[in-house]
Amino acid sequence: MPTNNAILTRLGLRYPIIQAPMAGTSTPALAAAVSNAGGLGSLGLGNVSTDVAREQIRQLKQLTGKPFNINMFCHTPDPADAQRETGWLQRLQPWFAEFSAEAPKQLDKGYDSFVGNQAMLDVLLEERPPVVSFHFGLPDVDAIAELQQAGIFLMGCATSLEEARAIEAAGLDAIVAQGYEAGGHRGLFDPKQESGLLLDDLLAQLKDTIELPVVATGGLMDGKDISRILAAGASAAQLGTAFISCPESAAPQAYRDQLLSDNAQETAVTAIFSGRPARGMVNRSHREIGPYAAELAGYPQAYSAAKALHAAAVAKGSHDFAPYWAGTSAHRSRALPAAGLMACLVEEMQQA
Ligand SMILES: Cc1cc2nc3c(=O)[nH]c(=O)nc-3n(C[C@H](O)[C@H](O)[C@H](O)COP(=O)(O)O)c2cc1C
């Protein structure tokens, strides 16, 4: 993997800092603030409709003339399975009962994958974001070719050498190497194939094998962390959790409070919120229901059960069932405006 400035030069960024796409938490205001400060802001739009995606991209364009990244989910949706879904709702019944709430009768289908999604592809081709990144796999070859013909820089997330090789073979422009420390969903192509590789080990595996530029992500919170992974050969750093506490994010107050509390000391990967493994701050959901469950509904259907349980708990004043995603370094969160956080990161990098 090249230790040069491939990404900085190609995208015209001032700093090798990417604010991670975070579906439900990233906003046009957050992404614009990061891009305007010389990094690459991102919007996670993997869980929204084409109308919302178009609207969010247009809002972001109003706020910045600098490059930005739009992220899509390329999962293979688990097939609907009424028996399995009913079983999962029955398993959750005692916790709904604790909050005097009815469990939903059935689970929502959830959002579509970007794979084979012509309507979403059309939105991207019309709006032409400078960068598009993919999580949970890759789109089909025709979509990749059309996006590249439109001049869009493409990145794919890899959690293992095998996934990185697949991204390189598909002809994308860069790899986002996601360590096991990362907050949010593991980018696994196949959720059953968990490498468990920590970021430094993953980077070491990619170093001599992968020729594409690599963006490192997972547990990076300050400029010293960024300098370390640049020295390990990465071309840029992607930070998610570090940006959740910025006032520009969409995080609710309870999420912010937990990130700045002792709860941020302990994070773990669990599949029980959505049906796919994801890292968040440990709470009663992790301890009493997860981290894994034989009856678990598929992805993304399971998400609607977790959201209903969280809503029922919040109605009774409990945030103990919240999918508050966070990386292993969440306890080093800083509640700063995004421009201020960017300035800190740059200064710390220079000092390091
Ligand atoms: C709240 C949250 C939401 C996330 N949503 C997405 C997403 O929509 N798409 C994506 O590619 N990665 C997503 N991620 C993962 C990030 O891209 C990145 O891998 C992770 O934040 C890095 O670890 P860190 O949080 O310790 O910085 C999310 C992470 C968090 C914390």
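Which pocket is the space taken by the ligand? The ligand's space is the largest pocket. A pocket here is an open set of points on a 1 Å grid over the protein atoms alone, with protein on both sides within 12 Å along at least five of seven lines.

The model is predicted: local features need pLDDT of at least 70, side-chain atom pairs count only at pLDDT 80 or more, and totals for chains, interfaces and linings use all residues. Residues are numbered from 1 along each chain as its sequence is written, and side-chain values use heavy atoms, with hydrogens and water left out.

Start with the shell. The ligand is surrounded by 23 residues, each with a heavy atom within 4 Å of it. Pro-21, Asn-71, Gly-219, Gly-240 and Thr-241 are the closest. The shell holds 10 nonpolar residues, 13 polar and no charged; Gly counts as polar, and Asp, Glu, Lys and Arg as charged.

Now the polar contacts (N or O pairs within 3.5 Å). Thr-241 places a polar side-chain atom 2.5 Å from a ligand oxygen. A backbone N or O atom of Gly-219 lies 2.8 Å from an oxygen atom of the ligand. For Ala-23, a backbone N or O atom is 3.0 Å from a ligand oxygen. The ligand alone exposes 590 Å², and the protein buries 97% of that (Shrake-Rupley method, 1.4 Å probe).

Turn to an open sheet of 3 strands. Its order is S7-S11-S10, with antiparallel pairing. Strands are DSSP runs (E, at least two residues), and two pair if DSSP finds at least two bridges between them. Strands S7 (184–185) and S10 (267–270) are the edges, each pairing on one side only. S10 and S11 (residues 278–281) pair over 4 bridges. Thr-267 stands opposite Met-281 in S11.

How values were computed. A polar contact is a pair of N or O atoms within 3.5 Å; within protein, one must be able to donate a hydrogen and the other to accept it, and residues adjacent in sequence count only if both atoms are side-chain atoms. On a 1 Å grid over the protein atoms alone, a cavity is a set of points where a 1.4 Å probe fits but cannot get out, and a pocket is an open set with protein on both sides within 12 Å along at least five of seven lines; lining residues have an atom within 4 Å of a point. A molecule sits in a cavity or pocket if more than half of its atoms lie within 2 Å of its grid points.
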